[in-house]
Amino acid sequence: MTEVRLTSADRVLFPEDGVTKGDLFEYYGKVAPVLVPHLKDRPFTMKRWGRGIHADSYFQKQAPKGLPDWVKTKQFRTHPREGGSRLVDFVLFDLDPPEGLWREAIEVAHLIRGRLEELGLESHVKTSGSTGIHVLVPIARRSTFEDTYDFAELVSRGLAEKHDGLITVEWLKKKRRGVLVDHRQNGWGKTIASAYSVRPRQGAPVSTPLRWKELKPDLDFRDFTMDVVLKRVKKHGDLFEPVLHGTQALGPALREVRKSGVEPAGRQGARARGARARSA
């Protein structure tokens, strides 16, 4: 049994809600059995708000001092524009709606699911814990960053052309009309909020896996608090567990969308950086 010592347990990190550092500690201890598998054997980053969600934050990318010797670490050399290749285990569609377009984001998520089903692919959905939605497509680990980036871009652009004004792939906010489907999150070195992680927003909402039938227009991501998520896990287990065991072949779907007539905007994404892949 390893003892973990917590300091400043009564420090309030979410002032409007009275959520303390100790509350977060207790939550993560309880949710660990379903959260840790989604972090296993992956490099990950922690964004820390040591003085609360309204204070300054910082990214922690290095293993901290005092890490137990049973926690394995590995050094990664970063080469933003050159380097080797790893294999990818999911494709990500990151939905980023403007303020007030949450219902539209839900509609777009279902449109993405429908298109993926047309291509013979199963997908899984979760709230980002903030204002967004994440749609993940688990795939067999033989595709590269180039494959997944191209697939996500072509699917996103195809939907944007078909649903102009509802869906956009425009990066510049001043040019957007509708919900951004950000295929760029499939690029080298990108990160997303892990399933079951608490987000730095009022109410301490959690990035929560959902059943597709739960993603209805009246759903509110703020309802998924730590207590609610723990009850869901107790009742349903890990709804995101299938993402860990991708067996779907991306190749046939990628070939299909490449024949669709939709053209990618350019090669500043994965192609420009070489065929790298999401660390698995």
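Buried here means under 20% relative accessible area, exposed means over 50%, and partly exposed is in between, with a 1.4 Å probe and protein chains only. Asp150 sits in helix α3. Helices are DSSP runs of H or I with at least four residues, strands are runs of E with at least two, and both are numbered from the N terminus.

A word on the source. This is a predicted model, in which local features need pLDDT of at least 70, side-chain atom pairs count only at pLDDT 80 or more, and totals for chains, interfaces and linings use all residues. Residues are numbered from 1 along each chain as its sequence is written, and side-chain values use heavy atoms, with hydrogens and water left out.

Back to Asp150. The C-alpha atoms of Asp150 and Asn186 are separated by 9.0 Å, and the two residues are 36 residues apart along the chain.

Which residue does Asp150 meet in a salt bridge? The partner is Arg258, at 3.1 Å from N to O. Arg258 belongs to helix α5 (residues 251-258) and Asp150 to helix α3 (residues 145-162), so this pair ties together parts that are 108 residues apart in sequence. The rule for a salt bridge is a side-chain nitrogen of Lys or Arg within 4 Å of a carboxyl oxygen of Asp or Glu. In general, side chains of opposite charge can pair when their charged atoms come close.

How many salt bridges does this rule give? The count comes to 11. I will show two others.

One is Asp164 with Arg177, where the closest N and O atoms are 3.5 Å apart. Asp164 lies in the loop between α3 and β8 (167-168), and Arg177 in the loop between β8 and β9, so the pair ties together parts that are 13 residues apart in sequence. Asp164 counts as exposed at 61% relative accessibility, and Arg177 counts as exposed at 51%.

The other is Lys30 with Glu26, with the closest N and O atoms 3.1 Å apart. Both residues lie in helix α1 (residues 21-35), 4 residues apart, which is about one turn of the helix. Glu26 counts as partly exposed, at 43% relative accessibility.

Now the strands. β6 covers residues 124-127, and both of its faces are covered: His124 and Lys126 on one side, and Val125 and Thr127 on the other, are all buried. As background, the side chains in a regular strand alternate between the two faces of the sheet.

What does β6 pair with? Strand β7 (residues 133-143) is joined to β6 by 4 bridges, and the two run antiparallel. Two strands count as paired if DSSP finds at least two bridges between them. Val125 has Val135 as its bridge partner in β7, and Thr127 has Ile133. The two strands form a hairpin with 5 residues between them, and Gly129 in the turn has a positive phi of about 90°. As for β7 itself, 9 of its 11 residues are buried, so this strand is largely enclosed by the rest of the structure.

β6 is also joined to β10 by 2 bridges, again antiparallel. There, the bridge partner of Lys126 is Pro209.

For Ser8, phi is near 55°. Ser8 is found in the segment before β1 (12-14) and is partly exposed, with a relative accessible area of 33%. For Tyr196, phi is near 75°. Tyr196 is placed in the loop between β9 (179-182) and β10 and counts as buried, at 2% relative accessibility.

Last, the surface. Arg211, Lys213, Lys216 and Lys235 gather in a patch of positive charge. Patches take residues with over 30% relative accessible area and no salt bridge; like charges are joined within 9 Å, and nonpolar side chains (Val, Leu, Ile, Met, Phe, Trp, Tyr) within 5 Å. Accessible areas come from the Shrake-Rupley method with a 1.4 Å probe, and for residues only the protein chains shown count as cover. Lys and Arg count as positive, Asp and Glu as negative, and His and the chain ends are not counted. The place of a charge is NZ of Lys, CZ of Arg, CG of Asp or CD of Glu.

Where is Lys213 in the chain? Lys213 lies in the loop between β10 (209-210) and α4 (226-236). Lys213 is exposed, with a relative accessible area of 64%.
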